[in-house]
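Subject: Structure for you to look at

Hello,

Here is the structure I promised. Please open it beside this note and follow along.

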Amino acid sequence: MPEGYLRPRLDALRRHQNPDGGWGYFPGKRSWLEPTAYALLALQSESGSPAWQKGWRLLRSWQRDDGAWQPNGHVPEAHWSTALAITLHCANNIHDAAFSKGVDWMLATSGAETRLFNRLFAMLDKSPTGHDLKLQGWPWRPNATAWIEPTAHTLVALKKAAKQVRNSELSRRIVLGEGMILGRRCSDGGWNYGAKAALGIELPSYPETTALALLGLQGSREVDLTAALRQAHHLWQDSRSRWSRAWLAISLRSFGSVLPEEPESQPPTHDLILTALEALATPEGGHRYFRPDGVAA
Amino acid sequence: MKPCITRRALLPAAAAALASCQKSPEPIPFAGTSPVAVLKAKNYQEDLVTHILTGIRLCGLQVKDKRVVLKPNLVEFDAATSINTDVALVAAALHAFRSLGAASVTIAEGPGHRRDTFGLADEAGYWKGVKDFEDNFVDLNRDDVSPIKNFAGQAQFFFPNTVLAADLIVSMPKMKTHHWAGATLSMKNFFGLVPGAIYGWPKNTLHQIGIPESIVALNRQFRRTFAIVDGIVGMEGNGPIQGTPKKAGVLVFGKDLVAVDATCCRIMGIDPAKIEYLNMAVDLGATNPAQIQQRGENAAAVRTNFQLFPDSTLRLA
């Protein structure tokens, strides 16, 4: 990847790091976990620097007593982005008590729809979703239902953590989570936020969630992903959304696809997650941080 | 044969049964009157700025020195149908509110399904249709937030600072049918005020609270409001996303969002009394035609029946 594409993105991330060490969704805004995690991954090669370490310490400070991470310093709630914190720990080979507590929290969390009470309600529904409610995925926040994106991120984190965590529950939840994703697949071969139909009418897939679902399914030996990867390629070719293209590039490159490079002339935007994702999506970039250890592209 | 009951119907009913154990007093119905203006507009090439200025004047809205947030309905993009508030109307509103001396005018939205708000806005033509769009827009899904206590039974709920700081939130929905709520208009448009960065995509917490309950709670929370409903081309059938375009040729304005939505329902040929969220909002505004001061066109004269989703329990009035 020519320096002309990657360097401005890394420079923008360095320039827009907040004084507390984190990153906001946009320059000058409060630090949140999600952009901070992606920025730290994009700048992983500088992990020894004081600036990187300051961001890392801030992110670590947002872990709650129950093991979950909260989305920022002002919202004291357990949050799906715990998965990103665990992925970042794995990228840095840090498997300490905080890491273990985070993994335990993810293993104890699942979509509310899989609880017995809600499954009984679902049996009464005259317009059922068709979802197998035994297949536990992960919600955006506790006590909500499971969706593709948080499930995919959590699968990535758990698969990366698997070498360090000897726990049969982890293997069981990976199988169930993969099953949940496969059960929500749209008829066009991809995924949207997590509903393949509404009121009996099929819904289309989205580029970014298709990319994430594929990342979550990496390493699954039981599943033939050929059609899904083909759909992801189509979406990558057709999409003009830079957010979608970045996630699709990360995902497709994780599966070994060779993609043309994005034009050098495209400047970074003021969206700091997009800036980090575009840096991670470069051919020699950080797609490997989303790949489970031991899984070849 | 499956039992003929939906989970969406059963969960609120169960919640209501539990709530009845400690029943709060019945809300006192709104007793005042509310002006609602209906203006004809054949297409988006008309002078929409003048239409908006007329609607604002007919409703007696004061804009000067206010921090205004324009909240369009930006959901998903499909070139084959009309899901989103047309950019021409949003651009005209930006111009109109600025011309009236607003302290600031910001376009803000937090789509419920798509994470890439700026990409969605691009597909919907907002980047081309609004000058310096990026400088005038806030992604409410990823804005900084502050807590509100006791929202819809939640001890603490977070909202974007942009909307909490606004003196006036202008709801700019598309006039659409909705396969669950019956219609999606200015009140339901406030779902986009809830930050996805905390509550996710979709904002599942609102579905758990209940769709009508959430609509009413959001409108109880945000009271400094005005509505400009894009009914030039709306959506009928399987709204809010998979329906078909429906020309109604109107713009509907008002400070009382309950009265605006009730009027829109009448224009769409839907009995407002059959819309659950309007029934739950009797203390917030006027649904009774006797309490709605109709200005501009007569709503009955511009009525254009919208086809409802076949499974809907609603019938045309």
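Predicted model: local features only at pLDDT ≥ 70, side-chain atom pairs only at ≥ 80, totals over all residues.

Pro202(B) sits in the loop between helix H8 (196-199) and helix H9 (204-209) of chain B. Look at the bond before it. Trp201(B) and Pro202(B) are joined by a cis peptide bond, with omega about 5°. Another cis bond runs from Gly239(B) to Pro240(B), where omega is near 15°. Pro240(B) belongs to the loop between strand E10 (225-236) and strand E11 (244-254) of chain B.

Why flag these? Most peptide bonds are trans, and most residues other than glycine have a negative phi.

Asp65(B) is not a glycine, yet its phi is positive, at about 65°. You will find Asp65(B) in the loop between helix H2 (48-58) and strand E2 (67-72) of chain B. It is exposed, at 54% relative accessible area. Ala152(B) also has a positive phi, near 50°. Ala152(B) lies in the loop between E5 and strand E6 (154-160) of chain B. Its relative accessibility is 29%, so it counts as partly exposed.

Now the charges. Side chains of opposite charge can pair when their charged atoms come close.

Take the pair Asp143(B) and Lys29(A). Their side chains form a salt bridge at 3.8 Å, N to O. Asp143(B) is in the loop between strand E4 (137-139) and strand E5 (145-151) of chain B, and Lys29(A) is in the loop between helix H1 (3-15) and helix H2 (33-42) of chain A, so this bridge joins two chains. Asp143(B) is buried, with a relative accessible area of 4%. Lys29(A) is partly exposed, at 34%.

Next, a pair within chain A. Arg184(A) and Glu113(A) meet in a salt bridge of 3.6 Å, N to O. Arg184(A) comes from the loop between helix H8 (168-183) and strand E1 (197-198), and Glu113(A) from the loop between helix H5 (97-108) and helix H6 (116-123), so the bridge ties together parts 71 residues apart in sequence. Arg184(A) is buried, at 5% relative accessible area. Glu113(A) is buried too, at 5%.

Chain A also holds a network: salt bridges link Arg9(A), Arg242(A) and Glu278(A).

Last, helix packing in chain A. Helix H10 (residues 226-238) packs on helix H11 (residues 242-254) at about 145°, with the axes 10 Å apart. The crossing of H10(A) and H11(A) is left-handed. Residues in the contact include Leu229(A) and Trp236(A) of H10(A), and Leu248(A) and Leu252(A) of H11(A). By class, the contact has seven nonpolar, two polar and one charged residues.

Then see helix H7 (residues 148-161) and H8(A). Their axes come within 10 Å and cross at roughly 145°. H7(A) passes H8(A) in a left-handed crossing. Among the residues that meet are Leu155(A) and Leu158(A) in H7(A), and Ile174(A) and Ile181(A) in H8(A). This contact divides into eight nonpolar, two polar and three charged residues.

Best wishes

Methods. Residues numbered from 1 in each chain as written. Chains lettered and ligands numbered in written order. Heavy atoms only, no water. Salt bridge = Lys/Arg side-chain N within 4 Å of Asp/Glu carboxyl O. Helix = DSSP H or I, 4+ residues; strand = E, 2+ residues; numbered from the N terminus. Buried < 20%, exposed > 50% of the residue type's maximum accessible area, 1.4 Å probe, protein only. Axes fitted to C-alpha atoms, helices over the stretch in contact; angles between N-to-C directions. Left-handed = near helix turned anticlockwise from the far one by under 90°. Contact = heavy atoms within 4.5 Å. Nonpolar A, V, L, I, M, F, W, Y, C, P; charged D, E, K, R; others polar.
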